[in-house]
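User: Hi! I'm new to reading protein structures and would like to go through one with you. Could we take it step by step?

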Amino acid sequence: MTNSPRVPKGINPLIPNAARMYDYYLGGKDNFAADRAAAEKIMALGPSREICLANRRFLGRAVRQVAGLGIDQFIDLGTGLPNQNNVHEVAREIHPNAHVVYVDYDPVVIVHARALLAGTDSNITIVHADVREPATILDAPETAKLIDFNRPVGVVFLGVLHCLTDAEDPWAVVAAFRERLAPGSALILSHLTDDAHPEVGKAAREVYDEADAPLIHRGHEAVSRMFEGFDVLEPGVTHVGDWRPDEAWETQLAGGEWWYVGVGRKP
């Protein structure tokens with residue numbers, strides 16, 4: 001039997017939530033029955049757990065690369081529920097005192113993130129905000145306390161922008177962060193695509209239509225536009241299994257073709 005998290009005020013546990021579904025895909029327990037039911041429908045369509053694991057492994061590789069460039073402060077947008085290879089854990093392999101601001105709009109995520117990530121660590125903070133409102137995040141007191149925008153910052157959009165419709169303009173959201181970043185800052189981004197499996201993508205979107213956020217698959221051109229104003233580092237915007245794989249099997253990873261990923265650096 002799977003234990004469900006405590007229900008924060010204002011949350012309807014009967015509506016599937018994208019972050020909690022993602023938690024279930026990865027084997028987590030911070031989810032409700034509605035999340036599990038919706039996630040099972042997605043998992044019946046294909047290797048959903050493998051798709052999510054591919055994304056998490058990319059995060060680790062990308063943060064290591066960016067930290068290796070000397071960047072020791074990060075903003076992780078739409079962080080979701082804490083899992084393995086969190087940004088601060090990976091960054092601190094290189095910079096033991098790395099500063100990280102985690103951002104999410106889901107109260108369940110905030111409750112668990114504050115309990116598991118913030119704790120007594122003064123160099124980690126959690127901001128309760130919506131990625132659709134960049135100024136709220138950039139100007140938050142918690143952000144100002146930890147992030148020096150006069151120095152390079154690593155900004156992470158891991159699997160979050162496909163929850164924004166075209167009308168919500170994810171390209172403008174990325175641009176708003178880019179404009180505040182110092183030269184040398186980095187963008188880490190992953191985005192779902194159904195280029196290789198359009199019919200499966202259509203069925204998945206229908207499941208997410210019943211959730212609290214939509215699922216918007218985008219093609220290579222649309223994802224590449226999100227890197228405008230950044231120099232995209234090698235190997236470019238590519239499928240996740242082809243982005244600097246650290247094990248040979250990753251190039252054949254089930255689900256790898258469902259992600260376009262990349263890392264850019266502000267000139």
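Analyst: Happy to! Let's begin with a term we'll need: a residue is buried under 20% relative accessible area, exposed over 50%, and partly exposed in between. Keep in mind, too, that this is a predicted model.

User: Is Arg244 buried, exposed or partly exposed?
Analyst: Arg244 lies in the loop between E7 and E8. Its relative accessibility is 38%.

User: What is the phi of Arg244?
Analyst: Arg244 is not a glycine, yet its phi is positive. The value is about 45°.

User: Which ring does the charged end of Arg244 sit over?
Analyst: The charged end of Arg244 is 5.4 Å from the centre of a ring. The cut-off for a charge over a ring is within 6 Å of the ring centre, along with a limit on the angle. The ring that Arg244 sits over is that of Trp243.

User: How many aromatic pairs are there?
Analyst: Rings pair if their centres lie within 6.5 Å. By this rule, the count is two.

User: Is the pair of Phe58 and Trp243 stacked or edge-to-face?
Analyst: The centres of these two rings, Phe58 and Trp243, are 5.2 Å apart, and their planes meet at 90°. Planes over 60 degrees apart count as edge-to-face. The pair is therefore edge-to-face.

User: How many residues apart in sequence are the parts that Phe58 and Trp243 tie together?
Analyst: Phe58 belongs to helix H3, while Trp243 is in the loop between strand E7 (238–239) and strand E8 (259–265). Phe58 is buried at 0% relative accessibility, and Trp243 is buried at 0% as well. The parts that this pair ties together are 185 residues apart in sequence.

User: What is the angle between the ring planes of Phe157 and Phe177?
Analyst: Phe157 and Phe177 are both buried, and their ring centres lie 5.7 Å apart. The pair is edge-to-face, because the planes are at 85°.

User: Which helix holds Phe177?
Analyst: Phe157 lies in strand E4 (residues 154–158). The pair ties together parts that are 20 residues apart in sequence. Its other member, Phe177, lies in helix H8.

User: Are H2 and H9 roughly parallel or roughly antiparallel?
Analyst: The axes of H2 and helix H9 (residues 198–208) are 10 Å apart, and the helices pack at an angle of about 175°. Angles over 145 degrees count as roughly antiparallel. So H2 is, relative to H9, roughly antiparallel.

User: How many nonpolar residues are in the contact of H2 with H9?
Analyst: H2 brings Ala38, Lys41 and Ile42 to the contact, and H9 brings Ala204, Val207 and Tyr208. By class there are no polar residues and one charged residue. The number of nonpolar residues is five.

User: Which helices are included in what covers the buried residues of H2?
Analyst: The buried residues in H2 are Ala34, Asp35, Arg36, Ala38, Ala39 and Ile42. The cover over the buried residues of H2 includes H1, H3 and H9.

User: How do H1 and H3 pack: roughly parallel or roughly perpendicular?
Analyst: Helix H1 (residues 18–25) and H3 have axes 9 Å apart and pack at an angle of about 100°. In H1, Tyr22, Tyr24 and Tyr25 meet residues of H3, including Arg49 and Cys52. Angles of 65 to 115 degrees count as roughly perpendicular, so H1 is, relative to H3, roughly perpendicular.

User: Is Ala19 buried or exposed?
Analyst: Ala19 is found in helix H1. Not counting residues up to four places away in sequence, Ala19 touches Gly80, Leu81, Asp106 and Val109. Its relative accessibility is 17%. Because the cut-off is under 20%, Ala19 counts as buried.

User: What distance separates the C-alpha atoms of Leu45 and Ala203?
Analyst: Leu45 lies in the loop between helix H2 (33–43) and helix H3 (48–68). Leaving aside neighbours within four places in sequence, Leu45 is in contact with Val200, Ala203 and Ala204. Leu45 and Ala203 are 158 residues apart along the chain, and their C-alpha atoms are separated by 7.9 Å.

User: Which residue does a cis peptide bond join to Glu234?
Analyst: The omega of this bond is about 10°.

Notes:
Residues are numbered from 1 along each chain as its sequence is written. This is a predicted model: local features need pLDDT of at least 70, side-chain atom pairs count only at pLDDT 80 or more; totals for chains, interfaces and linings use all residues. Side-chain values use heavy atoms; hydrogens and water are left out. Helices (H or I, at least four residues) and strands (E, at least two) are DSSP runs, numbered from the N terminus. Contact means heavy atoms within 4.5 Å. Rings of Phe, Tyr and Trp (its six-membered ring) pair if their centres lie within 6.5 Å; planes under 30 degrees apart count as stacked, over 60 as edge-to-face and the rest as tilted. Buried means under 20% relative accessible area, exposed over 50%, partly exposed in between (1.4 Å probe, protein chains only). A charge sits over a ring if NZ of Lys or CZ of Arg is within 6 Å of the ring centre and within 35 degrees of the ring normal. Axes are lines fitted to C-alpha atoms, for helices over the stretch in contact, and angles run from 0 to 180 degrees between N-to-C directions. Angles under 35 degrees count as roughly parallel, over 145 as roughly antiparallel, 65 to 115 as roughly perpendicular and the rest as oblique. Ala, Val, Leu, Ile, Met, Phe, Trp, Tyr, Cys and Pro count as nonpolar, Asp, Glu, Lys and Arg as charged, and the others, Gly among them, as polar.
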